[in-house]
Amino acid sequence: MGDVDELTKEFLAESLEGLDRMDRCLTDLEQRPHDKDLLGEIFRSVHTIKGTTGFLGFERLERLAHAGETLLGSLRDGRLTVNPELVGGLLQLLDGLRAILRLIDLTGKEGSRATDDDSELIALMEHLNRAGDGDGESSAQPVGRSLVAASEEKPVAAGGSAVAPGGASEKTLRIDVEVLNRMMNLVGELVLTRNQIIQSNGDSATFPQLARRLDSVTADLRETVMQARMQPVGHVFGKFPRMVRDLALSCGKSVRIEFSGQQTGLDKSLLEAIKDPLTHAVRNAVDHGIEEPRTRALAGKPAEGTVHLRAYQHNGSVVIEVEDDGGGIPTARVLEKAVERGLVTQEQAAEMTEREAQQLIFQPGFSTAAKVTHISGRGVGMDVVVANVEKVGGTVEVESHEGKGTLLRLRVPLTLAIVRALVVRSGGQSFCLPQSSLAELVYVPWREAATQVEWIGDAELFRLRDQLLPMVRLDRMLGLESEGTRQTHGFYLVVLEIDGCRYGLVVDDLMAPEEIVVKPLSPVLREIGLFSGATMLGSGSLAMILDIATVGVRAGVRSLSAEAVMPDQSAKAASGPVAATSSSSSPFLIFEDHWSGERMERLALPLSVVVRIESVAMKDVEYVGGRPLLQYRGELLPLEDRGGVLRELAGMGADATATVLICQGPGGAGRVAARRMGMVVRRVVEVANGDLMESNAEICAERLAMVNERLTVVHEAFPGGERLRDVA
Amino acid sequence: MKIVGIAEGEDVMSMCSLMSGGRLFGIDTRTIREVLGHAQMNRVPLAPAYVGGVIAYRGEVVTAVSLRAVLGQEKTDGHSCVLVLDGDENEERFGLIVDSVGGVVMVERRTMSANPSTLDEASKALFSGAFRTPDGLLVQLDPERLRPSRIAETGLFGRAQRPPSKSEGEMRCGL
């Protein structure tokens, strides 16, 4: 918008806002045709636009606005009555005006090409106006038809423009003068307090009092500024009635939209961020959620469908729900399609609960094929919705009951700027760790470090309640000199969990948790990648905020084998009859059991899939349809028992215990992989590095690995080979 | 201490003189937002060598470029002084760490000479020329070229420290 001057910019922002308001008024007008106030407001908006355009010299805009004003004038004078065609025509007028405003915003001019011709629209306005002059039914009929045709194309355009970024609106903010006055007062007070502090000359008697005052003034100021940034969610909701109306019309449905909690405040930047996902969700609800009137009638529902938008605050975050009373997500079809598209295997699909199956709609692969979306009811780019919401630290959930409707819940933090963080020290510097990904804190005294830290190659692992946790030394990663105090004082292990990967960050010391204000870094420092921002600490110094996910990736936590390369071993393995698939080796958990026969075999699982090793009492194992299940931390895990351990133990009483490896689910990626299972084994032997072998059916049908120079069978569901080969 | 330009005209401009590693430089006073004096510097691990650290300035986290590092001079633990430079409207604000700041010098535009062609590439990328003052040469630093993102773009000042360049020669300037 380079060559647009200040005055025009202001006019654009004001006019677009006015048009949005009119959208709402017009849809309201359809419900309440005799509301004089509503009509008055619409008339005033168009009149204002017309007046200002004449003044700024936008002739095309003026002509169009004038045609609209004349029509609205007749309407206000009672010469015309409100009917759907008229409202449709007026909505088209708004679209026309909006298109010109956008053009001005982009080019500074209102456009004079042949395609920028409004005569059709103006003719329509005149036509509608004449209809009121009494030339009757005969002429109103064709107009009605042409309008339906027009509005059938319209929703696409309307939807498109709704998704396009709103230009000026993202950068400007309207603030109540009251709020601004309050801010000014507070700044005045701040200056006053500063003067008093300077004049006190460090007098200790008045100092506590001044500090208290400073504290309260800053708190108030912060509160006020935050408030000014807060915008009612209603601003985003505002455009939905129009969108829903157009969309419903085009798919021959009757849909009503309801709102609650429009006053819920949300930070301006966050509001902009959720605008598109929310639009998407509402569009999906109307397009795919709500059924055709006839289907609804058969299901015993009112012909008119309802989409309910709800916003409320909950636990420091804002929840926005989009609920429809449509057909819900047909789980069976979703699963069918997921298997067809190779997102899950047949077996996985069979084991999935309804809820798990519904989560599949968030899978990226699910959005592309039109066929899938048509049947599944949801899923036009749901992965995009999730991505957008997660970008600002939010989450998306879906709840659906077949035949009853669907509820989509977006949860976003109240504000982006302030987060709770734990301040840690490493190599003499302070760093902040966002508390959201903090799982637990462990102090490791020097005496115990020797017994609890295990080594595999160069990789350090910490034995935390029988679970092996990869350790990442922060000072080493950042190239800082370690303080050397660990020798005598031990160290702290911060257990972090992000995106399903878990690791322990070794730091020298822990400081207090603080509420920190996140400040952006310059591009040069952002490029380092390990820091997501910086903050000023209470002590006055600056501290970097660590990007937990990147730190994990850099340390190779996810691509587990990167650190544990043992070249001498792989060389030996390669000389064997079966060649190793990769030059890098990875840690395996070795256990013994007899799977294929009576003989005890050495078996292995890639360490990356083993989450924990648990001792489970037989009384905790439950059976459903002959399949053993284990309730584990609020999760229901299927148990796999190839060695028949459970059968043997069943006779030994309720207190006999079995060793269960809690494993990350096999196959798949992303959300589906998060599904866990338990594997019952006879005896866990050790953790050791090994190389995966090329599968060779002549020697053995199973996947083999060379671990400590002994052949070991790798459970076929978890070859771990995919990841290994990625690294190699 | 805010330095304000004094009686500038068409042919006279005011420069703020500063020292780094015993050499004298000048920078247009209009581009200086504030001279902070000795500020608390926070090192950033893994940052490129030319980044001296970050400082808190007016609620912002400002990246500071170490002039010694870009000139390839030895690091010092001695006294340092931080200037906050303001660029164009849309550009980031950044800091410049120097040994000390002298004062405001008025120089005549016509005494300006361009960089000599024999100057090494790295210095050419930083200097916009030199003013012939009665007491010697005053090398003008171009704040636009000192911007962290610009330095990163040139690729001349990577992590490796360069040996100090000799081509410049010693320059003095009486203030």
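I will start with how the model was handled, then go through the contacts.

This is a predicted model, so local features need pLDDT of at least 70 and side-chain atom pairs count only at pLDDT 80 or more, while totals for chains, interfaces and linings use all residues. Residues are numbered from 1 along each chain as its sequence is written, chains are lettered from A and ligands numbered from 1 in the order in which they are written, and side-chain values use heavy atoms, with hydrogens and water left out.

First, the helices. Helix 2 (residues 36-56) of chain A packs against helix 3 (residues 59-76) of chain A at about 155 degrees, the axes being 9 Å apart. Helices here are DSSP runs of H or I with at least four residues, strands are E runs of at least two, and both are numbered from the N terminus. Axes are lines fitted to C-alpha atoms, for helices over the stretch in contact, and angles run from 0 to 180 degrees between N-to-C directions. The two helices are therefore roughly antiparallel (an angle over 145 degrees).

Now the salt bridges (a side-chain nitrogen of Lys or Arg within 4 Å of a carboxyl oxygen of Asp or Glu). Glu291(A) and Arg296(A) form one at 3.0 Å, N to O. Glu291(A) is buried at 15% relative accessible area, and Arg296(A) is buried at 0% (buried means under 20%, exposed over 50%, partly exposed in between, with a 1.4 Å probe and protein chains only).

Glu397(A) and Arg409(A) pair at 2.9 Å, linking strand 6 (residues 395-401) of chain A to strand 7 (residues 405-413) of chain A.

Conventions
Angles under 35 degrees count as roughly parallel, over 145 as roughly antiparallel, 65 to 115 as roughly perpendicular and the rest as oblique.
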